[in-house]
Amino acid sequence: MSAVLDYPPELLFIICSHIYAAGLPSSPSSLDPVALGQFGAPTALPSTIPPGHWPEPSVRKTLSNLCLVNRAWYEAAKPWLWRRVEVRLPRSWLALVDEITGGEDGQSVEKTALAVEKSIQAVAELALATTAMAGASSDEEALKKWKESILETLTGPDGSVPPEILTPPASRDPSPRRLRAKSKSPARWKIMRTISDAVQDIADRNEFGLYVPRVHDPRPGRFVQYIDFNHFRTIGMRRSVEEGVSSRFVTGERVEALLKVTVVCSYIPIPGLIVFKEMPNLTAFGATEYMDGALTLPVLNELFLRGVSARIRGKPSRGRGLVTIDYNGIDEDDRERRRDCKQLEAVDFTGCISAVFVSALAEFVNTHLSPTTDESTSNEDDSRREERRARRTVRFTEEEDPLTFAGVRRLCLRGVKSVQPHVLNPFVLAFPSLTHLDLSATRVTPELLTTLAKSATVQLHSLSLARCIRLTGESIKTFLIHAPAAARIQELSLYGDQTFPSPLSAEDLEEMFTLAPCFTSGELTYLDLSSSPVSAQLLHKCKSQPNLRSLGLSYIPNLELEAIAEFVKSKANNVEVLTLISTSPSLDWSRTGGIEIPRDTVRQTSLALHTKIITPLCMPPRVSLFAPPPVVQPVPTRLRVIELSMPALVGLGGGAGTWRTIRSKGGRGWYVDTATGWVGGRLVRGLTSNHLLRVEMNRLADANGNVNSGIGWHARKMEVLHGFGMLGREDGLYGAVSFAYQG
């Protein structure tokens, strides 16, 4: 143990990085729910048990324990412990805000100045211990010279720290009535970096090549790269309706406090100003309907207007123009600070439909993405037009390129139903580097697909257009066949149901199957054509799909089970998950007098499923006992999970043999072969009754739906924060949308 304690800091940091990486899902995935328990070390392979990766709670607990070993382990584990933040409880959210921002607000200039003074004192002592200041006769004199040199560098023409913060509080004019112009300091992380750079510059002038340790910043905001509110709830806290409205936990100001840190430097308190932004390295942000009221316009500005390529509309590329500053808007200090932040790579706005968010997004589009003209829409009154004009802080008459966000590669807007097309379309088109796009259940129109098809930079890997009621079959077909952005799609969801059926016609499907590059390439791994008019003839014309793992063919009442079995066996034998909700005359359930009844009897439905799907696809071919020698033939496909409607699953009862029913937390359910699964990177059939994987699957079957929201197969929501697409796994509210909800 003593040898471990003497490891260099770089080695400890690498060890902690491997611990963090062990919690990331493996690619390719096993498609099964994550098993929580002691099942051995992760394999980094598509495996359910032993798992392909550690559960996230195990990784977090391991890193937390390492922080308690000693100071060296604490410094090595802390960046990885804070790398991913999931907000779950209201009180933990408030503690998070306080920990990252330090509990500061617009009236904490004195505290900030004291903290900067202490930092300068600490770094001067570090520099003194490392170097020798020329011309100093004692340590006290050398320390004084170091501090004077640091202050001189920071207050020079290139200094980025305001003089108000560098001035000791006792030396200031105490008059409370003296008005001074408002100024803003950089974030804490930038102040610390500026001080360290100043000290290193002085050391280089004094003795070139000498390294001075960097000043220590105790706040963890700079480590955070991922934050989501997927698990955040206020339900069950016994709060009244009035408290829920007037005393909200997640507010726009508090979200801003994490994204931005700006200390207001003035002697007169300015109401409404707070401490902003302390997360310069944030690259992934996930929101939900439980906190979308906090997604105000300032929050959207801080999310998207960051990074070196972010540019505010109206800022000239060269020369000077007439500038009108509005302190409620975006000024030059904000642009300067945002250029030091990383751009977002992934954004998830699943289910965000509040009036606050919809209004903020519309204003964001009007301010930054719409043409800077004085014309307005017909339904916009004069007061709103004047208000929108006032928020634009810089106005120019010359033409300029539209504002784009090249850093964002993954975007999920599933269920954002309240956003109108004139806002949604320019917002989506502002991301020219998209690889993952989920527009399910939105008001997307054919015009968006037409414009997106002209993009030479968008290269979609995963696309979801489920339940988009304004799209036409012609627009979807044209986009998939002719758009360069759709040529490399590997995950495609065109899901529809009985309420919102697919707009595709049989002619559209035939052209797609024979001409669309994503179908002819054979690279599809996920495909959902539910409620489309798929027939046996169309499946015969479809190209082979050797990489297809999850196939959705629900709500197609006239498609025979024999045609499905033939397609899976001959052209998609690697399919593991198949959805057949209300598909085929044998499994279609109709409603009569409010009661769902099958076309055939329950016995005939179960018999048809086993004889037409399970036996030919999931069992080895029968061989004659008289044909010497009897050779065991392999199972023709990898099929092991079949999604059915709830009435059909009820009719199946407890299942047959190793096939059992597993229900989600909501209205979905699957007929699962519990004796088949991924073990150590191989798909194994015929697991013994005491095998850990089979025991775990039987436990889920016995739970009868009393499971967490991450249990299920064939997701209907795209996982974008980590980039695993339609084959990714999620829990919390995202998991409920993926696996529990019927729509």
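Helix axes are taken here as lines fitted to C-alpha atoms, over the stretch in contact, and the angle between two of them runs from 0 to 180 degrees between N-to-C directions. In the predicted model, the axes of helix α3 (residues 56-67) and α4 come within 8 Å and cross at roughly 150°. Because angles over 145 degrees count as roughly antiparallel, α3 and α4 are roughly antiparallel to each other, and their crossing is left-handed. On the side of α3 the contact is made by Arg-60, Leu-63, Ser-64, Leu-66 and Cys-67, which meet Trp-73, Tyr-74, Ala-77, Lys-78, Trp-80 and Leu-81 in α4.

Arg-60, found in helix α3, counts as partly exposed at 30% relative accessibility. When residues up to four places away in sequence are not counted, Arg-60 touches Leu-81 and Arg-84. The C-alpha atoms of Arg-60 and Trp-80 are 8.9 Å apart in space, with the two residues 20 apart in sequence. Arg-84, one of the residues touched by Arg-60, lies over the face of Tyr-226, at 4.8 Å from the ring centre.

Trp-80 also takes part in an aromatic pair. The count for the model comes to 18 aromatic pairs. In one of them, the rings of Phe-13 and Trp-80 have their centres 5.4 Å apart and their planes at 50°, so the pair is tilted. Phe-13 lies in helix α2 (residues 9-21) and Trp-80 in helix α4 (residues 71-81), so that the pair ties together parts 67 residues apart in sequence.

A second pair is formed by Trp-670 and Trp-713, whose rings have their centres 5.7 Å apart and their planes at 70°, so the arrangement is edge-to-face. This pair likewise links distant parts of the chain, with Trp-670 in strand β18 (residues 669-673) and Trp-713 in the loop between α26 (692-703) and α27 (732-740), 43 residues apart. Trp-670 counts as buried at 0% relative accessibility, and Trp-713 is buried with a relative accessible area of 0%. Elsewhere, ring pairs link Phe-304, Phe-349, Phe-357, Phe-364, Phe-405, Phe-427 and Phe-431 into a cluster. A further contact between a charge and a ring involves Lys-717, the charged end of which sits over the ring of Tyr-734, 4.4 Å from its centre.

The crossing of α17 and α18 is left-handed. Here Pro-446, Leu-449, Leu-452 and Ala-453 in α17 meet Ser-475, Ile-476 and Phe-479 in α18.

Glu-696 is found in helix α26 and is buried, with a relative accessible area of 12%. Leaving aside neighbours within four places in sequence, Glu-696 is in contact with Ala-35, Phe-39 and Ile-49. Ser-554, by contrast, lies in the loop between β12 (550-552) and α22 (561-571), and is buried with a relative accessible area of 0%. Not counting residues up to four places away in sequence, Ser-554 touches Ser-530 and Ser-531, together with Thr-579, Leu-580, Ile-581 and Thr-583.

These local features belong to a protein with 27 helices and 20 strands. Of its 743 residues, 51% count as buried. Among contacts between residues at least 6 apart in sequence, 72% join residues at least 24 apart.

Notes:
Residues are numbered from 1 along each chain as its sequence is written. This is a predicted model: local features need pLDDT of at least 70, side-chain atom pairs count only at pLDDT 80 or more; totals for chains, interfaces and linings use all residues. Side-chain values use heavy atoms; hydrogens and water are left out. Rings of Phe, Tyr and Trp (its six-membered ring) pair if their centres lie within 6.5 Å; planes under 30 degrees apart count as stacked, over 60 as edge-to-face and the rest as tilted. Helices (H or I, at least four residues) and strands (E, at least two) are DSSP runs, numbered from the N terminus. Buried means under 20% relative accessible area, exposed over 50%, partly exposed in between (1.4 Å probe, protein chains only). A charge sits over a ring if NZ of Lys or CZ of Arg is within 6 Å of the ring centre and within 35 degrees of the ring normal. Angles under 35 degrees count as roughly parallel, over 145 as roughly antiparallel, 65 to 115 as roughly perpendicular and the rest as oblique. A crossing is left-handed if the near helix is turned anticlockwise from the far one by less than a right angle, and right-handed if clockwise. Contact means heavy atoms within 4.5 Å.
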